[in-house]
Amino acid sequence: MTPPDYEYLRKLLRDHSGLDLSADKQYLIESRLLPLARKAGLAGIGELVQKLKGGPIALVTQVVEAMTTNETFFFRDKVPFEHFRDAIMPDVLRARANRKSVRIWCAAGSTGQEPYSLAMSLKEMGAALAGWRVEILATDLSQDVLEKSRAGIYSQFEVQRGLPIQLLVKYFKQQGELWQINADIRAMVQHRQFNLLHDFSQLGTFDVIFCRNVLIYFDQETKSNIFGRLAKTLEPDGFLVLGAAETVVGLTEAFRPVSDRRGLYRPNDVRAAPARVLNVNVAAPRMAAAVAGP
Ligand SMILES: C[S@@+](CC[C@H](N)C(=O)[O-])C[C@H]1O[C@@H](n2cnc3c(N)ncnc32)[C@H](O)[C@@H]1O
């Protein structure tokens, strides 16, 4: 791959998904994009770049999706789900006792293990949530992962990663070598394609936001910008949960850590501050339109 081709792809990925590749990730591009180029009948990365410059949005979408890392598993890192059960939900049950509704956003839900882990956790709370309206919105940039998430069908390997056996037995049905999560759990999760670089206001406000293991791929400016906008889309007494390698420290004043609860944050009062969407270039809305779905 020539240096100009690499720079072109780096910029394209940064503008469309926020992915911030360092100067030495040529191997990553090649391993992910060569198969895609060949499938499109192109000889290599050079031809792929030429074609991308012609502007076919579907190809841009394929390139962006091929470069996303979709690694996830049930109850990933355990601790966030303990926070959810032991700190977040008890607080929500008190604070929303009159309204009896809770809105949760899984902001990079990938293939569904994270939103379904939350849905099973809520189901396990049983009577405490009787009569409540519970909404879990799972969004992701990638249509491919959302499709899998909607289907809720997982391999033996996937259900063995992080999922306690009693929850597997209780909430899944075996279909040959695969397992499908039950319809009532699937019905608790709504899916929507959504790019974190875009305006959040169309999503409404949430009591809880899980935004885990996605910001690590972005540069500092993009992270700060997203934190500012997340704070505005969270209720003032809401909760933000980040991944184990992520923090707000040094990046934003919009959130403060909850003491003794690693990865858990509450918003500061930032509603008066302006929230500017970053990075949305001319191509981004076109791509959103091309890949948007229910
Ligand atoms: C590593 S997975 C994390 C999944 C899950 N949150 C977890 O922690 O297990 C990162 C996900 O972020 C999605 N993603 C990457 N860039 C995004 C963007 N700009 N907007 C929304 N989702 C994005 C990817 O498609 C991928 O599914």
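The model is predicted: local features need pLDDT of at least 70, side-chain atom pairs count only at pLDDT 80 or more, and totals for chains, interfaces and linings use all residues. Residues are numbered from 1 along each chain as its sequence is written, and side-chain values use heavy atoms, with hydrogens and water left out.

A polar backbone atom of Ala 108 lies 2.8 Å from a nitrogen atom of the ligand. For Ser 17, a backbone N or O atom is 2.8 Å from a ligand nitrogen. Thr 72 uses a polar side-chain atom, 2.6 Å from an oxygen atom of the ligand. The ligand taken alone exposes 600 Å², of which the protein buries 98% (Shrake-Rupley method, 1.4 Å probe).

## Residues around the ligand

## Aromatic pairs

There are 10 aromatic pairs in the structure (ring centres within 6.5 Å; planes under 30 degrees apart are stacked, over 60 edge-to-face, the rest tilted). Phe 81 and Phe 210 form a tilted pair, 5.7 Å centre to centre with 35 degrees between the planes. Phe 81 lies in helix α5 (residues 79-95) and Phe 210 in strand β7 (residues 206-211), so the pair ties together parts 129 residues apart in sequence (DSSP runs: helices H or I, at least four residues; strands E, at least two; numbered from the N terminus).

Conventions
Polar contact = N/O pair within 3.5 Å; in protein donor to acceptor, adjacent residues only side chain to side chain. Phe/Tyr/Trp six-rings, centres within 6.5 Å; stacked < 30°, edge-to-face > 60°.
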